Each structure stands twice: as C-alpha cells, then as structure tokens.
Amino acid sequence: MVERVPATVTWGLFAAWVVHDAEELATMARWSRSARPRLERLFPSVPWERLEVSQAHVTVAIGLMGAVMAAASAEGARTGGRSPLFQAALAGFGAHGVVHLAQAALTRGYTPGVVTSPLVVIPFSVWAWRRLKAAGVPVDAGPSASLAAFPVLAAAVHGLAHVLTGRGRTRIRRPGRA
C-alpha cells in the first residue's frame, strides 16, 4: 500500500537544513580562526591557513547550498519523495551529520555543526527514511553514489563562494597603491 508522504518529510529536509546551517552560519568563520592554533598543533601537516574562511565566504556558501537543498526539497514534494535528487540530498544530509560528529571527535572539541547534528540532522534523516519506506516509496538501493557526490558538491559550493567573495580573484595592485 502506498500512502501519501507528508510535507514534513520533503520540506522538512529544508527546514532541518536551515536549523543546522544556522549553527554553522553563526560559528564557522569565528571557529576557523580561533581553533586554528590548536588544530595546527594536533595536525601540523594540514594547510590550515587555506581552510580559514571569512564570514562573507560562509554566508555565500550556505546560501548556495540552501538553493540546492530548497530545490531538492521542492523536487521531493513534487514527486512524493521519489525524486533521486531528494533522496540523494537526504542521504548526503544524514551522512553530513555523522561527519560532524567524527570531526569533533578527531579534533577533540567543538566543530561548527556538531550541536545540531545529533539533535536535528541525524534524527531527522533517520525519521524521514523510515517515513518514506512506510509510505511505500521505493528508496534508492544504491545511496553510495549520492554519498560520493556530497563532498564534490560541498567542494564546488565552497569553491564558488571563494570566487564570489573575492578570495579567488587575482588582485592587481596599481603603482602607488597598497
């Protein structure tokens, strides 16, 4: 029997993402600066100076990812949760929450997103998958492809944010100007 998938599943993905990314928006830039000395001691071979991000970068990257998550949620709503894009976003979102927990354990401290991961991201993802299955929605049997796509998407979003915020542009200094 196929039952209707409620909007709390499809649009709930976007809502859960908003809650989670509000934490990242509020903490990521400041954390990337303040945690750097500790991280350099723990992992000296990582180029931490290249991973520090400005608030503008964080804001743009979160906005870009928000557009992706809104589109995935809309597609999920349109297809009753059957959309491969929606299911890929849901799988990536859940895995992203687990990655936050692993990062915090690895760095032995707070990392942006670690508070909402066990409270929002992971529980929502598990609940949403259960609701899809209970509604008789065929779930992608091979989520590994969508999980593999998530780091590529995250890198693309951060790369584009880098360019859009000016850090990716070559700055030409004119004679007589600092």
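Biologist: Where does serine 32 lie?

Modeller: Serine 32 is part of helix 1. Keep in mind that this is a predicted model.

Biologist: Buried or exposed, that serine 32?

Modeller: Serine 32 is buried, since its relative accessible area is 10% and the cut-off for buried is under 20%.

Biologist: What does serine 32 touch, leaving aside residues up to four places away in sequence?

Modeller: Leu51, Glu52 and Val53. With valine 53 there is also a polar atom of the serine 32 side chain 3.2 Å from the backbone nitrogen.

Biologist: Back to the helix. At roughly what angle do the axes of helix 1 and helix 6 cross?

Modeller: Roughly 170 degrees, and the axes come within 10 Å. Helix 1 covers residues 7-34 and helix 6 covers residues 116-134. Angles over 145 degrees count as roughly antiparallel, so helix 1 is roughly antiparallel to helix 6.

Biologist: Which residues make that contact?

Modeller: From helix 1, they include Leu13, Ala16, Val19 and Glu23. From helix 6, Val120, Phe124, Trp127 and Arg131 are among them.

Biologist: Where is arginine 108, and is it buried or exposed?

Modeller: Arginine 108 sits in the loop between helix 5 (84-107) and helix 6. Arginine 108 counts as exposed, because its relative accessibility is 65% and exposed means over 50%.

Terms used. Residues numbered from 1 in each chain as written. Predicted model: local features only at pLDDT ≥ 70, side-chain atom pairs only at ≥ 80, totals over all residues. Heavy atoms only, no water. Axes fitted to C-alpha atoms, helices over the stretch in contact; angles between N-to-C directions. Helix = DSSP H or I, 4+ residues; strand = E, 2+ residues; numbered from the N terminus. Parallel < 35°, antiparallel > 145°, perpendicular 65-115°, else oblique. Contact = heavy atoms within 4.5 Å. Buried < 20%, exposed > 50% of the residue type's maximum accessible area, 1.4 Å probe, protein only. Polar contact = N/O pair within 3.5 Å; in protein donor to acceptor, adjacent residues only side chain to side chain.
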